[in-house]
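Please read it beside the sequence and the model.

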Amino acid sequence: MQSEGETIELLLITHFPNSEATQELAVALLARRSDWRLAARVVIYRRVEWATDSFVPYKIQGVDGIIPALIQEGREAVIPYLVRIFRTCLSARYVPVIWRQVKVVFKPKPHRNSYNGPRDYRPIRLTSFLLKTMEKLVDKYLRDKSPALMPLHPNQHSYQAGKSVETALHQLAERVEKARDQQETALGAFLDIEGAFNNTCYDTMCDALVRHGSDYTIVRWIRATLDSRMAFP
């Protein structure tokens, strides 16, 4: 019989593998001129406005207690300051302490026969909406620029506009139906990698970003974000 503390520790280890508890602050790099120029292209007033408006106004907030409605209603006063903050964070590879703190709520997965194992629960991460806003800005920049330099494979249905699980299934069904109509045999291999995203190495992610032509300023900030997050129940 596990205690409440042991249960929480098991859930955290299972869903956030290879993580270490730390109280150290992320070290900000001395920003170069090229970093500031890149940050100015990524963080623009109208994009910050777009990113903040994309959130549901009264969605559950992160540790900092800021809900999207506060930013949306006070945009004229708030967004100019956010532009400065976001540009500084990106250029210096810095993640504010309060942004790193992620409250995790474990929600039971539906239609399970029992809930005795950690995989029977799905972690819901409550992150600062300011960090989510900045992530949207970086994601927007990467989507607009990187694929043009090194396009993603056409058979990849994630992270591409107009593609989804539905388009992947449609492509699969189309190939099966074609083989059946031509009285041929269709062979398929299906892989389900347990914890694929949770166990992906940060070095591998960053190397892939570099291969796709992402700016080093952005890669360094993404790495700092991944390394410095602190999850707690």
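## The sheet

In this predicted model, an open sheet of 3 strands has the order S2-S1-S3 with mixed pairing, where helices (H or I, at least four residues) and strands (E, at least two) are DSSP runs numbered from the N terminus, and two strands pair if DSSP finds at least two bridges between them. Strand S2 (121–126) and strand S3 (230–232) are the edge strands, each pairing on one side only. Ignoring direction, neighbouring strands of this sheet are turned by 35° against each other on average, the axes being lines fitted to C-alpha atoms, for helices over the stretch in contact, with angles that run from 0 to 180 degrees between N-to-C directions.

Strand S1 (residues 101–108) runs antiparallel to S2 and is joined to S2 by 6 bridges; among the bridge partners, phenylalanine 106 has proline 123 in S2, and lysine 103 has leucine 126 in S2. Strands of a sheet pair through backbone hydrogen bonds, in either a parallel or an antiparallel manner.

## A nonpolar surface patch

Val165, Leu169, Leu172, Val176 and Phe190 form a nonpolar patch on the surface, and together they have about 510 Å² of accessible area. Patches are made of residues with over 30% relative accessible area and no salt bridge, with like charges joined within 9 Å and nonpolar side chains (Val, Leu, Ile, Met, Phe, Trp, Tyr) within 5 Å; a salt bridge is a side-chain nitrogen of Lys or Arg within 4 Å of a carboxyl oxygen of Asp or Glu. Accessible areas come from the Shrake-Rupley method with a 1.4 Å probe, and for residues only the protein chains shown count as cover.

Phenylalanine 190 lies in the loop between helix H8 (165–181) and helix H9 (202–211). Because its relative accessible area is 66%, phenylalanine 190 is exposed (buried means under 20%, exposed over 50%, partly exposed in between, with a 1.4 Å probe and protein chains only).

## The cysteines

The structure holds 0 disulfides, a disulfide being a pair of cysteine sulfur atoms within 2.5 Å. Cysteine 206 is in no disulfide, and the nearest cysteine sulfur, that of cysteine 201, is 8.6 Å away. Cysteine 206 counts as buried because its relative accessibility is 8%, and cysteine 89 counts as buried at 4% relative accessibility.

## Basis of the values

Residues are numbered from 1 along each chain as its sequence is written, and side-chain values use heavy atoms, with hydrogens and water left out. In this predicted model, local features need pLDDT of at least 70 and side-chain atom pairs count only at pLDDT 80 or more, whereas totals for chains, interfaces and linings use all residues.
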